[in-house]
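Have the viewer ready and follow along.

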Amino acid sequence: MDGWSSGRTGAAEPPEMMEALVQRVRKLRASIESSEGYAESTAAVLGSYEQRLSDIDAAMRPIQVSRQAAQRAHDNIDRAIRAANAILAQVVTAREAEATILKGPHEDLESYLKAVDRLKEVAGFFTLKDNFKNCERFLNDINILLSKSSLMIEEEFKNLMITHSTPVEPDLLLGWPSKPKWAIDGDTEASGGNSGDSKHPSKSLATTIDRTPAMILPRILPLLNALAQRLVQDGNQQSCYRIYRDARRSALELSLRKLGVEKLSKDDVERMKLDALEAKIGKCTQFMRIAMRLLLPGERKLCDEVFHGISFNKDQCFAELAGTGVLTLLSFADAFAKSKRSPEKLFLLLDIYEVMHEFGSEVVQTLYVQGASSTGMSTPSDLSSSGVSRAMIKERFKSFNMQFGELHAKQSLWTIPDQELRETLRLAIAEVLLPAYRSFVKRFGNLVENEKKPHKYLKYSPEGVDQLLGEFFEGQQSGE
């Protein structure tokens, strides 16, 4: 009895703690059985552990052994209690996270994403408990809930993009700023510009990007960024890409239509009287300037803000959403160039030539160039040691091959009868495209040259690209 008495404090506490823990498990189990979600599997896990605790308690009570044996029993029980507390804490966390997740992300996105993260941590905890009874079913229910949360995040991103991707009203575009540098009357003093800037108003989209109207309410941008980041992290970048591109392309095209931009054919141009044609050219010139000075820089800025800090092909996404709108803007110039010539149209042709010369390089940059510098690519030494980065370079080459092939097929069918305009556009494209592609091949070409089929990736040499650019706007028939 002396041996038991001397260790009484250490040996007597565990039964009391064990009984308290058993009661806690029973109470939590009863509560969970009345809740939704993965209650059945959670209750099964707790039931299994409740039985285990009861068995330990039953085996412990009649023990009357030496002080050393009692201490060992105390230590073992203490470890079991700590493990049980850790498991119970994870179950409680999972239940709380479930309640937040089932509410959806709309009301409190930050709390929702934190709940998803906590549930992922719970899943990781139980994944390591391979010997825990009924763990597999519990984990399956957690994974089902995590899959549901991913769908909710995607749906919330889609709803926000559609809801807030509204067209920019014409009054805002026509009055932003009150006297812009590109105003039709050429008034640069009122805009605060200098004569040097007015001579070259189209150096790049970046020159006006800070003066563009907000395409989406600023308070929505952090939400879109957080949702996009989570979609990409969860491997849903294709859905993220498609949702963003489609929503913004629709908004841009609607903005252009409300402004008055329409697609015209050669027959439409030839039916117009000279006065109507002159007025149409004036409007198209204005629309082109608005698009290149406001709409496209605004879309570029929005794309950068939504996907800030995210490994995402922003350039290609922007090019795809802007492509249809820009081609619609260019359709009038193409139709006019293909229409019947007449002396009275000469000055009108010069007007078109002037605006095309002004914006030619920007149009090409908007549609067809995806600069390697803005994609966060690593240096060649980093790439050579990274299989993922090497795969990324392969995809970049394949993407260029596909897009340039499509570009060549389309633009070779276009006809620009005026030789000077044709050569100017070719030069504008070459000045933007060739240096970027030549630099890319020089830096990363060696990473694909040793592949079994290097031509699958390095399909075009810079010289070959230059030669093919010379076929643009010749009106070649398919198959020539």
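Tyr437 counts as buried because its relative accessibility is 4% (buried means under 20% relative accessible area, exposed over 50%, partly exposed in between, with a 1.4 Å probe and protein chains only). Phe400 is buried too, at 17%.

This is a predicted model, where local features need pLDDT of at least 70, side-chain atom pairs count only at pLDDT 80 or more, and totals for chains, interfaces and linings use all residues. Residues are numbered from 1 along each chain as its sequence is written, and side-chain values use heavy atoms, leaving out hydrogens and water.

## Stacked rings

The whole structure has nine aromatic pairs (rings of Phe, Tyr and Trp, its six-membered ring, with centres within 6.5 Å; planes under 30 degrees apart are stacked, over 60 edge-to-face, the rest tilted). In one of them, Phe400 stacks with Phe404, at 5.6 Å centre to centre and 5° between the planes. These two sit about one helical turn apart, because they are four residues apart in helix α16 (residues 387-411). Helices are DSSP runs of H or I, at least four residues, and strands are runs of E, at least two, numbered from the N terminus.

Phe400 also stacks with Tyr437, at 4.1 Å and 15°. That pair joins distant parts of the chain, since Tyr437 lies in helix α17 (residues 419-444), 37 residues apart from Phe400. Ring pairs link Phe400, Phe404, Tyr437, Tyr460 and Phe472 into a cluster.

## Arg230

Over in helix α9 (residues 221-233) you'll find Arg230, which is buried at 8% relative accessible area.
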